[in-house]
Every structure is written in C-alpha cells, then in structure tokens.
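Please read the points below beside the sequence and the coordinates.

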Amino acid sequence: KPKSVLGDVSLGIFKGIDNGLWAYGFAAIIFAGALSAFMPFMLVILLVGWALMSLFTGLTSSVRVHLVNLDEQAVVILSTIAGLMVVKMGPEAATHTGLATMLTIMSLTSLTLASQWWQTATATTARWPRPGRPSAVR
C-alpha cells in the first residue's frame, strides 16, 4: 500500500505541535522555582532530543507509524531530584553550577536507563525463535 504524503505530513505537524507542548510542560515541571531561569535552555534540550529520537526511530524502523514520547514518570522523578538539589545547594542552585549539576543528573539517568533497556532487549531477543533456527520454546 503506498504511503499517503498528506497523511504523513499532517501527522508530523500535529505530533510536532503536541511534542512541543509536552516539552514545554516537562521543562516547566523539572526547572521550577530556583531553576526557572534555565527553563528556555531546558526546553531547547527537550525539543532537540525529541526531534533526534523521532528522526532516528523513523529512519531505522520498518514499522509504518511511530509515536515517540518522553516518559512522564521520568519527569516527575527528575523534578523531585531537582527540588532536593535546590534544597541541598541553596542559592548556588540558581547559578550555572546548579544547571550543570541538573544536566549531569539527567544525562546519567538517561544513560543508565538506556543501558538497562539495551540489556533487557538483547537478553530477551536472544531467546526469540528465528527462521532457520529450532525453537526451544513451543
């Protein structure tokens, strides 16, 4: 079945608007209070990250429709960490030191989660039956 260019473009536009609104909300939640001065920077990071994630998924997958989203639970956890960091660091949290600390926390969290997903995916798919290979699971 041929792809509908109009359908793809309209889905992309609406999903892009939806992603932008979600990213704004996520940035407002994570960078509330003392970190609010850095919210525009966080918004750019979320939008660029979301675009890269969507582009990679769209170009590397054979599935027709993709809805790539950020995890809302991670936003709540990171906002809690940000709040605790502000309490611990005090006025220094509103400086570039606070921003660097929060970005480091977010990066390490993302890398840890990606590592765990990769390990789970490789451990799980290794047991899946493949064509030409006898299946141990019936």
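Which residues in α2 are buried? They are M39, M42, L43, L46 and W50, where buried means under 20% relative accessible area, exposed over 50% and partly exposed in between (1.4 Å probe, protein chains only).

1. Basis. This is a predicted model, in which local features need pLDDT of at least 70, side-chain atom pairs count only at pLDDT 80 or more, and totals for chains, interfaces and linings use all residues. Residues are numbered from 1 along each chain as its sequence is written, and side-chain values use heavy atoms, with hydrogens and water left out.

2. Overall make-up. The protein has 4 helices and 0 strands, and its elements run α-α-α-α from the N terminus on. Helices (H or I, at least four residues) and strands (E, at least two) are DSSP runs, numbered from the N terminus. Of the 138 residues, 19% count as buried. Among contacts between residues at least 6 apart in sequence, 59% join residues at least 24 apart; a contact means heavy atoms within 4.5 Å.

3. Helix α2. This helix covers residues 39-60, 22 residues in total. From its first C-alpha to its last it reaches 31 Å, close to the 32 Å expected at 1.5 Å a residue; the expected span is 1.5 Å times one less than the number of residues. Seen down the axis of α2, its buried residues fall within an arc of 100°, so they line one face of the helix. The arc is that of the directions from the helix axis to the C-beta atoms. The face turned away from the buried side carries the exposed residues P40, L52, F56, L59 and T60.

4. Helix α3. The 18 residues of α3 should span 26 Å at 1.5 Å a residue, and its end C-alpha atoms are 26 Å apart, which agrees. V75, L78, S79, A82 and M85 are the buried residues of α3. They fall within an arc of 120° when seen down the axis of α3, so they line one face of the helix. Exposed residues Q73, V76, I77, L84, V87 and K88 sit on the face turned away from that buried side. G90 follows α3 and has a positive phi, near 70°.

5. Packing of α1 on α3. The axes of α1 and α3 (residues 72-89) are 8 Å apart, at an angle of about 25°. Axes are lines fitted to C-alpha atoms, for helices over the stretch in contact, and angles run from 0 to 180 degrees between N-to-C directions. α1 and α3 are therefore roughly parallel to each other, a term for angles under 35 degrees. On the α1 side the contact involves W22, F26, I29 and I30, which meet E72, V75, L78, S79 and A82 in α3.

6. W50. How accessible is W50, and what is it in contact with? At 3% relative accessibility W50 counts as buried. Leaving aside neighbours within four places in sequence, W50 is in contact with N19, W22, A23, F26, V68, N69 and L70. W50 and G16 are 34 residues apart in sequence and 9.5 Å apart in space, C-alpha to C-alpha.

7. A34. This residue lies in the loop between α1 (5-30) and α2 and, at 34% relative accessibility, counts as partly exposed. Not counting residues up to four places away in sequence, A34 touches V86 and A94.

Notes. Parallel < 35°, antiparallel > 145°, perpendicular 65-115°, else oblique.
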